[in-house]
Amino acid sequence: MRKLALIAMMALATPALAEDVTMDSILGTTMEEVQASLTAMGYEVRKAEMEDGKIEVYFVRDGQMGEVYVNPQTGAVTKLELKG
């Protein structure tokens with residue numbers, strides 16, 4: 001029983017690994033949903049706007065900057081650029 005309790009405590013104490021945004025990600029159909037999804041994945045949203053009918057969001061995490069375009073009809077990522 002003690003071993004089980006110890007394992008449970010270790011699992012709870014270990015921080016969850018942040019999920020990465022990929023071309024398979026579904027982030028949301030509004031600018032607010034996309035920003036919330038990226039924030040929940042551990043990204044800091046720097047800028048969000050509509051461009052050419054797509055939701056465009058600039059983000060950073062762990063020193064890596066990126067830019068994602070999302071189709072507002074499906075919530076799917078249509079373009080993803082990671083920099084540095």
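Guide: Two strands count as paired if DSSP finds at least two bridges between them. The model discussed here is a predicted one.

Visitor: In E2, which residue is the bridge partner of Glu-44?
Guide: Strand E1 and strand E2 (residues 54-61) run antiparallel and are joined by seven bridges. Within this pairing, Lys-47 has Tyr-58 as its bridge partner in E2. For Glu-44, the bridge partner in E2 is Val-60.

Visitor: What is the order of the strands in the open sheet?
Guide: The protein has two helices and four strands, and along the sequence they follow the pattern α-α-β-β-β-β. The pairing within the open sheet of four strands is antiparallel, and the order is E1-E2-E3-E4.

Visitor: Which strands stand at the edges of the sheet, and what is the average twist from one strand to the next?
Guide: Strand E1 (44-51) and E4 each have a single partner strand, so one side of each has no neighbour in the sheet. The edge strands are therefore E1 and E4. From one strand to the next, the twist averages 15 degrees.

Visitor: Which strands does helix H2 touch, and what angle does its direction make with that of E1?
Guide: Helix H2 spans residues 31-40 and packs on the sheet. The strands touched by H2 are E1, E2 and E3, and the angle between the directions of H2 and E1 is about 155 degrees.

Visitor: Which backbone oxygen does the side chain of Thr-39 reach?
Guide: Thr-39 lies in helix H2, and its relative accessible area of 48% makes it partly exposed. The C-alpha atom of Thr-39 is 9.8 Å from that of Arg-61, although the two residues are 22 apart along the chain. At 2.9 Å, the side chain of Thr-39 reaches the backbone oxygen of Gln-35.

Visitor: Is Glu-67 buried or exposed?
Guide: Glu-67 is found in strand E3 (residues 64-70). The limit for a buried residue is under 20% relative accessible area. Because the relative accessible area of Glu-67 is 7%, the residue is buried.

Visitor: With which side chains does the side chain of Glu-67 make polar contacts?
Guide: Beyond its neighbours within four places in sequence, Glu-67 is in contact with several residues, among them Glu-56, Tyr-58, Leu-80 and Lys-83. Another, at 3.2 Å, is made with the side chain of Lys-83.

Visitor: In E4, which residue is the bridge partner of Glu-67?
Guide: E3 and strand E4 (residues 77-83) pair in the antiparallel sense over six bridges. The bridge partner of Glu-67 in E4 is Glu-81.

Visitor: Which residues in the two hairpins have a positive phi?
Guide: The hairpin of E1 and E2 has two residues between its strands, and in this turn Asp-52 has a positive phi of about 50 degrees. The hairpin of E3 and E4 has six residues between its strands, and the residue with a positive phi near 80 degrees is Gly-75.

Visitor: What separates the C-alpha atoms of Ala-76 and Ser-25?
Guide: Ala-76 lies in the loop between E3 and E4 and counts as partly exposed, at 21% relative accessibility. Its contacts beyond four places in sequence include Ser-25, Ile-26 and Tyr-69. Ala-76 and Ser-25 are 51 residues apart along the chain, and their C-alpha atoms are separated by 6.2 Å.

Visitor: Where in the protein is confidence lowest?
Guide: The mean pLDDT of the protein is 86, with 79% of its residues at 70 or more. Over residues 4-15, pLDDT stays under 50, and the model has zero contacts beyond four places in sequence for them. Confidence is highest in E2, at 98, whereas the lowest mean, 47, belongs to helix H1 (residues 2-13).

Key. Residues are numbered from 1 along each chain as its sequence is written. Side-chain values use heavy atoms; hydrogens and water are left out. Buried means under 20% relative accessible area, exposed over 50%, partly exposed in between (1.4 Å probe, protein chains only). A polar contact is a pair of N or O atoms within 3.5 Å; within protein, one must be able to donate a hydrogen and the other to accept it, and residues adjacent in sequence count only if both atoms are side-chain atoms. Contact means heavy atoms within 4.5 Å. Axes are lines fitted to C-alpha atoms, for helices over the stretch in contact, and angles run from 0 to 180 degrees between N-to-C directions. pLDDT is the predictor's confidence in each residue, from 0 to 100.
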